[in-house]
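I opened this notebook to record what I looked up in one structure.

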Amino acid sequence: MRVIRAAGVSLRWEPRTAAVCGVLAAVAACAAVLVVGSGEFPIAPPDVVRVLLGRGDQATEFIVTTLRLPRAVTGLLAGLALGLSGAIFQSISRNPLGSPDLIGFTTGSATGALLQILVFGGGAVAITASSVAGAVLTALAVYLVAYRRGGGVHGVRLVLIGVAAAAMLEALNSYLITRAELRDAYEAAFWLTGSLNGRDWSQAVPLALALAVLIPAALLPARSLGMGELGDDAARALGVPVQRTRALLTVAGVGLVAAATAAAGPVPFVALAAPQLARRLTRRPGAQLLPAALTGAALLASADLVALHLPVAVPVGVVTGVLGGVYLAWLLSVPGRR
């Protein structure tokens with residue numbers, strides 16, 4: 001690690017972390033270009049890049065910019081949001097299983113969307129709003145139940161209560177589907193798998209605007225987040241306002257997962273796997289927020305590319321679910337082997 005000082009400002013420069021971020025950004029961009037070029041009318045990667053630079057023909061430009069680019073952009077942004085949110089919650093809980101899809105926040109977002117789809121019959125805007133509201137209300141309930149006067153929110157307690165909330169919400173989601181009409185139940189089940197099919201700029205643009213606000217809000221207190229992993233007492237001794245920082249980061253993390261779920265559905269395991277992979281790639285302790293975000297973008301874009309080239313068309317959530325299940329089994333087995 002190097003420290004760069006200029007004009008009274010000090011910045012940490014970690015060559016390995018910077019290199020990892022560059023490679024992850026390149027992988028995500030290449031996967032997105034290949035996603036844009038995939039379909040019934042294949043487009044070579046150089047032609048895709050040519051269109052993105054404004055030098056393509058009119059027909060190819062329509063296919064790329066109108067039909068396929070929104071899907072790729074939504075996948076990149078959703079993966080970015082999920083990876084960053086997972087890093088935040090794993091650091092807050094000091095637990096590698098403390099990701100939003102395991103502690104109920106993603107499930108709560110799905111419950112809000114299902115209520116709108118199956119009960120109220122709202123349109124796309126209403127489904128998005130209900131999805132965000134479901135994540136926020138679930139996070140608020142879990143945080144309040146986990147909070148203890150004088151001690152604040154303990155990481156293990158947050159995870160356990162979140163897992164219980166996720167189980168109850170999963171049961172509610174299953175009940176809603178069993179009571180719905182066949183067509184509505186099919187739509188809801190498809191949405192619950194997490195999918196990028198049919199995404200257009202109406203999903204990509206609001207997600208980009210949300211991330212423009214939430215990413216800086218999450219990255220600014222990153223140093224305090226790392227100190228918090230030393231323990232509450234040690235962080236307070238270093239001058240970190242633990243509970244205030246944790247509350248602000250929880251709001252940012254919930255906003256990230258709610259925005260991603262509203263745009264792409266509850267894509268599983270990206271928020272769980274991305275932070276751990278980022279730590280192993282950078283070989284740095286603590287919350288690696290930017291590497292985790294880029295890892296999430298690369299994972300979701302690559303999973304979408306795999307889903308497009310399978311013999312049978314499947315939503316991207318099926319691919320991330322399979323890969324994430326294998327990763328979770330490996331993650332749980334590592335401490336036992338050690």
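**Basis.** I worked from a predicted model, in which local features need pLDDT of at least 70, side-chain atom pairs count only at pLDDT 80 or more, and totals for chains, interfaces and linings use all residues. Residues are numbered from 1 along each chain as its sequence is written, and side-chain values use heavy atoms, with hydrogens and water left out.

**Entry 1: α1 and α13.** I looked up how helix α1 (residues 15-37) packs on helix α13 (residues 289-309): the angle is about 25° and the axes lie 8 Å apart. Axes are lines fitted to C-alpha atoms, for helices over the stretch in contact, and angles run from 0 to 180 degrees between N-to-C directions. Helices are DSSP runs of H or I, at least four residues, numbered from the N terminus. The two helices are therefore roughly parallel (angles under 35 degrees; over 145 is roughly antiparallel, 65 to 115 roughly perpendicular and the rest oblique). I noted a left-handed crossing of α1 and α13 (the near helix is turned anticlockwise from the far one by less than a right angle; clockwise is right-handed). On the α1 side, the contact residues include C21, A28 and V35; on the α13 side, they include L294, A301 and L308 (contact means heavy atoms within 4.5 Å).

**Entry 2: α4 and α7.** Helix α4 (residues 105-120) packs with α7 at an angle of about 160°, and their axes are 10 Å apart. This pair is therefore roughly antiparallel, and I recorded its crossing as right-handed. Among the residues that meet are A113 and I117 in α4, and A188 and W191 in α7.

**Entry 3: cavity.** I searched the whole structure and found three cavities of 30 Å³ or more. On a 1 Å grid over the protein atoms alone, a cavity is a set of points where a 1.4 Å probe fits but cannot get out, a pocket is an open set with protein on both sides within 12 Å along at least five of seven lines, and lining residues have an atom within 4 Å of a point. The second largest cavity has a volume of about 50 Å³ (the space filled by probe spheres set on the points). Ten residues line this cavity, with A87, P275, R279, A287 and Q288 nearest its centre.

Entry 4: Of its 19 lining residues, A124, T128, Q203, A262 and A263 are closest to the centre.
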